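Thanks for coming, everyone. Let me put the structure up, and then I'll walk through a few places in it.

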Amino acid sequence: MELETTSLDECAALGSAPAMPKKVFVKTYGCQMNVYDSQRMTDALVADGYVATEAIDNADLVLLNTCHIREKAAEKVYSELGRLRDLKSERAEAGRDLTIGVTGCVAQAEGGEILRRSPSVDLVIGPQTYHRLPDVLAKVRKGEKVVETDYAIEDKFEHLPQPRRAEVIKRGVTAFLTVQEGCDKFCTFCVVPYTRGSEVSRPVKQIVAEAERLAEAGVREVTLLGQNVNAWHGEGPDGSEWGLGRLLFRLAEIPGLARLRYTTSHPRDMDDDLIAAHRDLAVLMPYLHLPVQSGSDRILKAMNRRHKAADYLRLIERVRGARADIAMSGDFIVGFPGETEGDFEATMQIVREVGYASAFSFKYSPRPGTPGAEMDGHVPDEVKDERLQRLQSLLVEQQQGFTQSMVGRTMSTLIEKPGRQAGQKVGRSPWLQPVIVDEKVAEIGDIVDVRITKTGYNSLFAEPA
Ligand code: 5AD
Ligand code: SF4
């Protein structure tokens, strides 16, 4: 086949400017999985001829990759869409287009409602259909408005292009890699089973290939992602069924990958292999995000968590038995329907018993369509506020205690980027704390031993060990 090519000079002679590549700006809300999805959508669009931009004012296409986990998240999206509508009208006056798309969990949950509330939106596409983005945009260019929120039967990851080496390098020495998506647990407060659909694990081969590509491009630390990452399972090369523990052992063999992490886990899926991985793999970082949500058995039952507080505590004891320096992180919800002062006190108690290095805590927010929203005994907002404040001051105290305990310790640090102040670089400790060092200490991507000299609010200052 012959290609017809036109040189720039010929274009000028013909009086037409060469077509500039269209620019896409993706704004990400919510969890790390959305960060990963935004990158993969960008990769798909770059393969389709777009270039990524960090400046919304330059963009021809703006995608809001949204989160629906709590109320304010969706409201923020609608107010951003208001601002984009104004930008679109300014553009129209200047004779230039702006395409607006909503992706992610709000897109999935609200679907066509978004077009009704925000008519300037051109496309709405749910998390399971990102691989169709180039086709959807082709329809939009023909003047259609498109809503795609079905759970696709094809494997989106197989259809999404792999990130280009240059993109990976631009994104830095740490990377996310989604290995599992969706959830079958149906905790009664949570929209995820409805927005992300049922649990799907990516095959071993796909994951290993992607991790190898990341490592070849200079990535040193990979965080495996999944809404229920430790429910990941797949067929190993020997035909046997693998769980996340086996997968971590396999990924640990990849040359150049020096650090592995995974998030987020459910206590019911912490199996023996995974605990063994914490015991045996030096590259698996000693940090575990294991949400418990509440310390009250009554509330855990109403939340459909399917374990008791004592099960969680026993599990942590086993994990700590396998890896003594492991630090715990968690998620908590206060004010779930029916939560009494006694139930809340049980949450405070479990926090005291575990001792968290960091944690996220939220006021319960009824999500439409979830069983929790229909339950009796909704807790007044003032009570939720007051409980959240008490819980957060305990968690902050624990986090600061943990940070303080680092002073004088020697630890490995992955140097990630230039610091905010001249002459500094910022690294990452095994426990996810930012570590600030003199820029001459090491190059980006190096892993060096440093000694902690003092602390900031959550960061550590260090010198070469
Ligand atoms: N209200 C408040 N917090 C919630 N989370 C999930 N759903 C809700 C909700 N309806 C929190 C949980 C979960 C984290 C990602 O968000 O703690 O672990
Ligand atoms: Fe939501 Fe529960 Fe599934 Fe986590 S395990 S995503 S909280 S339903």
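**Buried positions, ligands and a helix pair**

Leu-137 has 2% relative accessibility, so it counts as buried. Buried means under 20% relative accessible area, exposed means over 50%, and partly exposed is in between, with a 1.4 Å probe and protein chains only. Before I go on, the ground rules: this is a predicted model, where local features need pLDDT of at least 70, side-chain atom pairs count only at pLDDT 80 or more, and totals for chains, interfaces and linings use all residues. Residues are numbered from 1 along each chain as its sequence is written, chains are lettered from A and ligands numbered from 1 in the order in which they are written, and side-chain values use heavy atoms, with hydrogens and water left out.

Back to Leu-137. It is found in helix α6, residues 133-141. Helices (H or I, at least four residues) and strands (E, at least two) are DSSP runs, numbered from the N terminus. What does Leu-137 touch, not counting residues up to four places away in sequence? Leu-45, Tyr-50, Leu-61, Thr-99 and Leu-123. Contact here means heavy atoms within 4.5 Å. Val-121 is 16 residues from Leu-137 in sequence, and their C-alpha atoms are 12 Å apart.

Next, Asn-34, in helix α2, residues 32-47. Asn-34 is buried, at 1% relative accessible area. Setting aside neighbours within four places in sequence, its contacts are Thr-28, Tyr-29, Asn-65, Thr-66, Cys-67 and Arg-196.

Now a charged one. Is Glu-221 buried or exposed? Buried, at 0% relative accessibility. Glu-221 sits in strand β10, residues 221-225. Its side chain makes a polar contact of 3.2 Å with the side chain of Arg-259. A polar contact is a pair of N or O atoms within 3.5 Å; within protein, one must be able to donate a hydrogen and the other to accept it, and residues adjacent in sequence count only if both atoms are side-chain atoms. Beyond four places in sequence, Glu-221 is in contact with several residues, including Val-173, Arg-261 and Arg-428.

**The ligands**

Ligand 1. The residues around it include Ile-69, Arg-70, Phe-189, Gln-293, Asp-331 and Tyr-364. Near, for a residue and a molecule or strand, means that one of the residue's heavy atoms lies within 4 Å. A polar side-chain atom of Asp-331 lies 2.6 Å from an oxygen atom of ligand 1. For Gln-293, that distance to a ligand 1 oxygen is 2.7 Å. For an N or O atom in the side chain of Arg-70, it is 2.8 Å.

Ligand 2. Phe-189 is among its surrounding residues, along with Cys-183, Cys-187, Cys-190, Asn-228, His-266 and Arg-305, among others. How does this shell split by class? Seven nonpolar, two polar and two charged residues. The classes: Ala, Val, Leu, Ile, Met, Phe, Trp, Tyr, Cys and Pro are nonpolar, Asp, Glu, Lys and Arg are charged, and the others, Gly among them, are polar.

Asp-297 lies in helix α13, residues 297-302. It is partly exposed, at 37% relative accessible area. A polar atom of its side chain is 2.8 Å from the backbone nitrogen of Ala-309.

The axes of α14 (residues 309-322) and α15 (residues 341-354) come within 11 Å and cross at roughly 10°. Axes are lines fitted to C-alpha atoms, for helices over the stretch in contact, and angles run from 0 to 180 degrees between N-to-C directions. So α14 and α15 are roughly parallel. That label covers angles under 35 degrees; over 145 is roughly antiparallel, 65 to 115 roughly perpendicular, and the rest oblique. From α14, Ala-309, Tyr-312, Leu-313, Ile-316 and Arg-320 meet Ile-350, Glu-353 and Val-354 of α15. By class, that contact has six nonpolar, no polar and two charged residues.

Most residues other than glycine have a negative phi, and most peptide bonds are trans. Arg-306 is not a glycine, yet has a positive phi of about 60°. It lies in the loop between α13 and α14. Leu-432 also has a positive phi, of about 70°. And the peptide bond from Thr-263 to Thr-264 is cis, with omega near 0°.
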